[in-house]
Amino acid sequence: MHTESRCLRCGPVPPLHVPEHIGAEIVASVVERITATAGPPGTPLWCPWPLPPGWTLTGVAYAGDDRTGVRATAVACAGPAPLGGGPADLVFVAEEPGVGLGTRLAGLSGPDPGPELADALSDPGPGHPEHVGQARIRVGGHPTPLWLVNSPTDRSAYAGEARGMWLHAIAWPASAGHLLAEEVVLHDLTEWTPPELVYGAPSPYLPGRA
């Protein structure tokens with residue numbers, strides 16, 4: 001008998017909570033959950049702000065329970081692909097070490113991207129042609145590099161660190177990673193949620209289609 005949620009591959013993991021719908025009320029409830037169970041500074045809920053032209057917020061999620069508090073968060077967005085050819089999706093994950101939400105969405109093994117980052121820093125390699133070699137975004141006002149990790153070829157996945165936690169950015173299709181080569185600014189929704197946020201259809205990736 002186990003009191004915690006368990007992954008068949010990783011063992012005990014914090015349970016993942018994904019609201020079925022998305023809107024201002026849902027975001028507010030998730031923010032309340034994060035701030036109620038976290039000590040300072042808490043787990044950020046990173047969202048691109050301003051959103052790229054034509055993009056919408058399509059989902060939020062968090063991993064944790066009443067005992068451990070919120071240990072990981074995810075924000076999903078969708079909009080036109082930067083190189084044309086249809087829609088694109090982006091998911092940003094902030095998590096404590098050992099949670100594994102970001103690596104699961106990125107299609108990596110293990111709970112943390114450390115081994116993949118070590119390979120990327122020592123020998124970035126070409127990746128597949130649609131990947132961006134490195135992404136530089138601004139997180140909470142600070143320039144933050146993200147490195148390409150070796151994900152399945154249907155997506156681009158990047159990993160780095162912000163506020164002492166892992167930061168993942170996963171893009172579908174792989175060419176949507178080019179959006180991260182532009183000026184993307186991440187804002188913590190737990191500090192302030194812009195009333196101008198536009199919401200779209202729920203993301204298919206947060207519940208597990210990754």
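## Sheet, cores and salt bridges

The model is predicted, so local features need pLDDT of at least 70 and side-chain atom pairs count only at pLDDT 80 or more, while totals for chains, interfaces and linings use all residues. Residues are numbered from 1 along each chain as its sequence is written, and side-chain values use heavy atoms, with hydrogens and water left out.

**The sheet**

- The open sheet is built from 10 strands, which follow one another in the order S3-S5-S6-S7-S11-S10-S9-S8-S12-S4 with mixed pairing; two strands count as paired if DSSP finds at least two bridges between them.
- The edges are taken by strand S3 (16-17) and strand S4 (46-48), and because each has a single partner strand, one side of each is left without a neighbour in the sheet.
- Strand S10 (residues 156-162) is paired with strand S11 (residues 165-172) in the antiparallel sense, and seven bridges hold this pairing.
- Helix H3 (residues 114-122) lies across S10, S11 and strand S9 (142-149), and the helix runs at about 95° to S9; axes are lines fitted to C-alpha atoms (for helices over the stretch in contact), with angles from 0 to 180 degrees between N-to-C directions.

**Strand S5 and its partners**

- S5 is largely enclosed by the rest of the structure, because nine of its 10 residues are buried; buried means under 20% relative accessible area, exposed means over 50%, and partly exposed lies in between (1.4 Å probe, protein chains only).
- On one side, S5 runs antiparallel to S3 and is joined to S3 by two bridges, with Leu16 standing opposite Ala63 in S5.
- S5 also runs antiparallel to S6, to which nine bridges join it; here Ala61 stands opposite Ala74 in S6, and a hairpin through three residues connects S5 to S6.
- Thr58 is a residue of strand S5 (residues 56-65), and it counts as buried because its relative accessibility is 4%.
- Neighbours within four places in sequence aside, Thr58 is in contact (heavy atoms within 4.5 Å) with residues that include Ile22, Ala76, Cys77, Ala78 and Gly200.

**Nonpolar cores**

- The largest nonpolar core has 38 residues, of which Ile137, Leu167, Leu180 and Leu186 touch the most other members; such a core is a set of buried Ala, Val, Leu, Ile, Met, Phe, Trp, Tyr and Cys residues joined through side-chain atoms within 4.5 Å.
- Apart from this core lies another, made of 21 residues, among them Val91, Leu105, Ala106 and Ala157.
- When neighbours within four places in sequence are left aside, the contacts of Leu167 include Trp46, Val93, Ile137, Val139, Leu146, Tyr158 and Leu186.

**Salt bridges**

- The structure holds five salt bridges, where a salt bridge is a side-chain nitrogen of Lys or Arg within 4 Å of a carboxyl oxygen of Asp or Glu.
- One of them pairs Asp66 with Arg33, whose closest N and O atoms are 2.7 Å apart; this links distant parts of the chain, since Asp66 is in the loop between S5 and strand S6 (69-80) while Arg33 is in helix H1, 33 residues apart.
- Asp66 counts as exposed at 65% relative accessibility, whereas Arg33 is partly exposed with a relative accessible area of 25%.
- Arg163 and Asp188 meet through their side chains in another salt bridge (2.9 Å, N to O), which joins the loop between S10 and S11, where Arg163 is found, to strand S12 (residues 185-188), where Asp188 is found, 25 residues apart.

**Thr35 in helix H1**

- Thr35 belongs to helix H1 (residues 24-37) and, at 45% relative accessibility, counts as partly exposed.
- Although Thr35 and Glu191 are 156 residues apart along the chain, their C-alpha atoms are separated by 9.5 Å.

Definitions and conventions
Helices (H or I, at least four residues) and strands (E, at least two) are DSSP runs, numbered from the N terminus.
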